[in-house]
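Work through the exercises below with the model open in a viewer. Try each task before reading its solution.

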Amino acid sequence: RDTPADVSVRWASLASPLAADAPANFSAVPPRLLTPGSSAVELQRRSLQRSLQSGWNLWLYNLLSVARLPQSFVLTTAICQLSTGECLESTRIEDTAAAIRVGPFAIDQSYWQYYVAYKGLNLSLSYLGGDGPLRLLVEPLGCDKTASPAGAAGQSAANCSDFALVVQPRFAWYRRGSVLVDPSSGGGLVTLSPLGMPPTEVRPT
């Protein structure tokens, strides 16, 4: 036999945040402030959110990873130093392994740009995304061809020939699918096929 459960909602009005162990005076929430439905503003927010959940964008907590919804496949552009074999595969604004400076971001996800500084290398990454085809432009800034490959103390810029971009395709959020790299294309053509959806081809130009 099911036992009914009672739920009470109480709140406390605070002028400022309390310490973790400080007591608060809770009182019952007035019934007139409770509603079984959502406000018109909340419904509008949800509708806008659903309409934006499509296309290419930074859906993950990694500025180097671009995901496409609803297909859920991800392209991570890793920055690798050839002389050391070290790669930057994930970064964020507060990262300590790299320095990030964010540029313009379009509200409709159609364009965004930022700068990455890693081991003396400075890159500008510009994306055309949204619901259209993905376009990525990577521009090295201030390269020093005379710099030693692994870098040295006192060098203000890196030798850009010591770095490579490595595209890492995968699926996120437990989406089932296959990733195929065409060997006849020199490793440039990648086909991502999410289960139950048409495949998408990605290639450098």
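Two strands pair if DSSP finds at least two bridges between them. Keep that cut-off in hand for a predicted model.

**Exercise 1.** Find how many bridges E5 and strand E6 (residues 86–88) share, and in which sense they pair.

*Solution.* Step 1: count the bridges between E5 and E6; there are 3. Step 2: apply the cut-off of at least two bridges. E5 and E6 pair, and the sense is antiparallel. Step 3: pick out one bridge. Isoleucine 79 has leucine 88 in E6 as its partner. Step 4: look at the connection. The hairpin of E5 and E6 has 4 residues between the strands. Glycine 85 takes a positive phi near 75 degrees there.

**Exercise 2.** Treat E4 and E5 likewise: how many residues lie between them in the hairpin?

*Solution.* Step 1: strand E4 covers residues 65–69 and pairs with E5 in the antiparallel sense, over 4 bridges. Step 2: the hairpin of E4 and E5 has 3 residues between the strands. Step 3: check the turn. Serine 72 has a positive phi of about 70 degrees. Step 4: locate an opposite pair. Serine 65 faces threonine 76 of E5.

**Exercise 3.** Which residue of E11 is the bridge partner of cysteine 80?

*Solution.* Step 1: strand E11 spans residues 163–171. Step 2: E11 runs antiparallel to E5, and 9 bridges join the two. Step 3: read off the partner of cysteine 80 in E11. It is alanine 164.

**Exercise 4.** Why is strand E5 described as largely enclosed by the rest of the structure?

*Solution.* Step 1: set the cut-off. Buried means under 20% relative accessible area. Step 2: go along residues 73–81. Of these 9 residues, 9 are buried, so E5 is largely enclosed by the rest of the structure. Phe73, Leu75, Thr77, Ile79 and Gln81 are buried on one side. Val74, Thr76, Ala78 and Cys80 are buried on the other. Both faces are covered.

Methods: Residues are numbered from 1 along each chain as its sequence is written. This is a predicted model: local features need pLDDT of at least 70, side-chain atom pairs count only at pLDDT 80 or more; totals for chains, interfaces and linings use all residues. Side-chain values use heavy atoms; hydrogens and water are left out. Buried means under 20% relative accessible area, exposed over 50%, partly exposed in between (1.4 Å probe, protein chains only).
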